Amino acid sequence: MKPTTLLSLSLAACLLTPSFGQSFDRSVRQVENREPSIPRPEQEAQVKVKLANLHKKTGQRPNIVWIVVDDMGYGDPGCYGGGEAAGAATPHLDALAADGLRLTSCYAQQTCTPTRSAILTGRLPVRTGLTRPILAGDKITKNPWADEVSLPTLLGKAGYATVLTGKWHVGESEGMRPQDVGFDEFYGFYPAQKEVSQRVDARRYPGIALDPLLMAAFEGLGIGHHLVHGFKGGRTIKVSSIESTEDMGRADQVLADFSIAKIKELAAKDKPFFLEHCFMKVHCDNFANPDLAGLSASKYPYKDAIVEVDLHIGALRAALEEAGVLENTLIFLTSDNGPQMDAWPDAGYTPFRGAKGTTFEGGVRVPGIAYWKGMIEPGRVSDDLFDLLDLFGTALTLAGVPIDTLADDRYYDFIDQTSFLLHDNGRSHREAVYFWWGAELMACRMRQFKAHIKVVLPQTTHKYIDHATVMDVGLAPWFFDLYLDPKEEMTVGHRMSPWLATVGSKLKAHGGTFRKYPPKNIGL
Ligand code: CA
């Protein structure tokens with residue numbers, strides 16, 4: 001990968017006077033190995049006081065709860081335009097947004113593993129090597145986690161209890177499991193839902209489920225279909241096995257029950273906690289929980305799954321309240337990528353172009369809700385930029401881990417967004433979001449503008465993963481004004497060259513960070 005060569009070719013058409021770009025780009029690089037950020041000293045100082053006052057009241061650093069839904073579309077929750085209008089009401093999710101901050105430009109990576117690893121390392125997937133999901137049969141050349149310093153490791157050292165419930169999907173081998181990379185405890189499944197369920201789903205996968213020889217070969221791949229309970233430095237046990245689609249349908253209830261019990265246990269202890277609750281739903285293949293089937297107006301399994309997830313979100317919030325820690329807990333709810341349209345109709349909804357697997361908005365723009373009773377002003381909405389990577393730095397700051405103590409031998413892409421989330425009129429510190437597809441730098445958004453230098457184009461309608469190509473753009477990058485054209489259909493092109501040049505310079509500078517800090521290749 002040579003991003004600078006690629007950029008100099010792609011951007012040759014749009015270089016203008018650099019002085020013009022400086023006023024458009026408000027960010028400042030304060031440390032060589034960290035992403036430049038927009039300084040907001042007053043906002044930061046006020047939030048520091050706000051946090052100190054809370055600490056005086058509680059006597060304990062805040063708990064951090066991340067809730068990650070798998071493949072939920074931007075347009076699925078009611079508060080993002082879906083909900084009842086899309087056949088699946090989401091009252092609990094909507095309440096969380098109404099009582100907190102709803103982000104409308106919150107970005108994930110374009111598939112599961114890249115997002116999940118990025119938020120736990122504060123680094124883009126191309127830097128950690130986790131550029132795409134590790135699939136059955138993949139032979140990777142090194143453990144990507146071996147030289148990464150994960151968020152649960154840092155929080156654990158700072159005195160936090162750390163637990164991951166639900167889907168992992170960032171490596172199943174020893175040394176790569178949650179309990180090996182910093183979490184005190186893991187209770188969940190290693191792979192995604194459809195990998196777990198296909199061996200018991202004779203309707204979708206009869207070729208495996210009904211053929212003993214192929215089934216034996218499939219089993220030989222070693223895809224985990226067990227609910228696993230693992231402890232850091234201790235034992236890892238298989239709690240149960242998914243032996244039917246009904247078992248799969250009930251999995252998220254089992255996981256929610258665990259997190260709810262765990263919240264009660266952790267809240268009673270004399271230390272703060274970090275809980276990452278990762279739903280198996282609503283990633284395909286969805287099977288309605290047999291105890292809750294038909295919950296949605298649509299009655300369709302995907303929609304029932306959305307309604308079930310919403311119920312569990314309400315129960316998790318209620319558990320924090322009952323345990324008496326709601327006022328000392330930041331909850332952040334999101335999805336790890338856009339809807340997987342390749343699986344439609346077992347897929348979510350996005351109003352944007354593209355879907356999971358692309359770096360158009362449909363693949364990467366996701367719901368993002370921050371809720372903290374008493375600390376985040378209810379009813380806030382912001383279209384300022386937020387990259388899920390920023391959760392890493394924000395969690396460190398809340399835990400009192402100084403960001404300056406991070407290693408200086410690697411590049412960090414996160415930005416600490418504590419003051420954006422917690423100030424009543426908070427503004428983002430992030431000036432640019434970069435979009436990658438594997439080891440290819442694809443696009444960049446600054447303010448409402450987005451420039452693509454490569455694109456993923458489906459060759460069959462809606463087949464963004466299974467029948468798509470990655471293409472270079474032509475003389476001018478594909479340049480969209482998302483405020484005029486949120487669907488990225490009408491390029492404004494070289495006529496907008498002053499802004500395009502600035503986004504181009506930003507992409508070039510981003511590519512330049514790889515000269516000193518080369519990407520990691522793990523053979524994916
Ligand atoms: Ca996903």
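User: Which residues of the largest nonpolar core touch the most other members?

Analyst: Please keep in mind that this is a predicted model. As a general idea, nonpolar side chains in soluble globular proteins tend to be buried together. In this structure, the largest nonpolar core has 74 residues, and Trp 66 and Trp 168 touch the most other members. Helix 14 (residues 390-398) gives the most to this core, namely five residues. Both domain 1 (3-35 + 434-516) and domain 2 (41-433) contribute residues, so the core lies between them.

User: What does Trp 168 touch, leaving aside residues up to four places away in sequence?

Analyst: The contacts of Trp 168 include the aromatic residues Trp 145, Phe 183, Phe 186, Phe 189 and Tyr 190. Trp 168 also touches Arg 116, Leu 120, Met 176, Arg 177, Pro 178 and Val 181. A second, separate core of 48 residues includes Ala 161, Ile 242, Ala 251 and Ala 305.

User: How is the chain divided into domains?

Analyst: A domain may be assigned from separate stretches of the chain, as domain 1 shows: it comprises 3-35 + 434-516, whereas domain 2 is 41-433. The C-alpha centres of the two domains lie 27 Å apart. Their contact takes 43 residues from domain 1 and 39 residues from domain 2.

User: How much area do domain 1 and domain 2 bury between them?

Analyst: They bury about 3500 Å², with 53% of it on carbon and sulfur atoms. Within domain 1, the residues that lose the most area to domain 2 are Asn 33, Glu 35 and Arg 445, together 19% of what that side buries.

User: Where is Val 433 found, and is this residue buried or exposed?

Analyst: Val 433 belongs to strand 12 (residues 432-437). A residue counts as buried if its relative accessible area is under 20%. Val 433 has 0% relative accessibility, and therefore counts as buried. Leaving aside residues up to four places away in sequence, Val 433 touches Tyr 107, Leu 385, Asp 387, Ala 443, Cys 444 and Arg 445. The C-alpha atoms of Val 433 and Leu 507 are separated by 9.7 Å, although these residues are 74 apart along the chain.

User: How many residues of helix 5 are buried?

Analyst: Helix 5 is mostly covered, with 10 of its 10 residues buried. Among them are Cys 112, Arg 116, Leu 120 and Thr 121. The cover over these buried residues includes strand 1, helix 6 (125-128), helix 7 (151-157), strand 3 (161-167), strand 7 (273-278) and helix 14. Just after helix 5, Gly 122 takes a positive phi of about 70°.

Methods: Residues are numbered from 1 along each chain as its sequence is written. This is a predicted model: local features need pLDDT of at least 70, side-chain atom pairs count only at pLDDT 80 or more; totals for chains, interfaces and linings use all residues. Side-chain values use heavy atoms; hydrogens and water are left out. A nonpolar core is a set of buried Ala, Val, Leu, Ile, Met, Phe, Trp, Tyr and Cys residues joined through side-chain atoms within 4.5 Å. Buried means under 20% relative accessible area, exposed over 50%, partly exposed in between (1.4 Å probe, protein chains only). Helices (H or I, at least four residues) and strands (E, at least two) are DSSP runs, numbered from the N terminus. Domain bounds come from an automatic or database domain assignment. Contact means heavy atoms within 4.5 Å. Buried area is the accessible area (1.4 Å probe) that two parts lose on being put together, summed over both.
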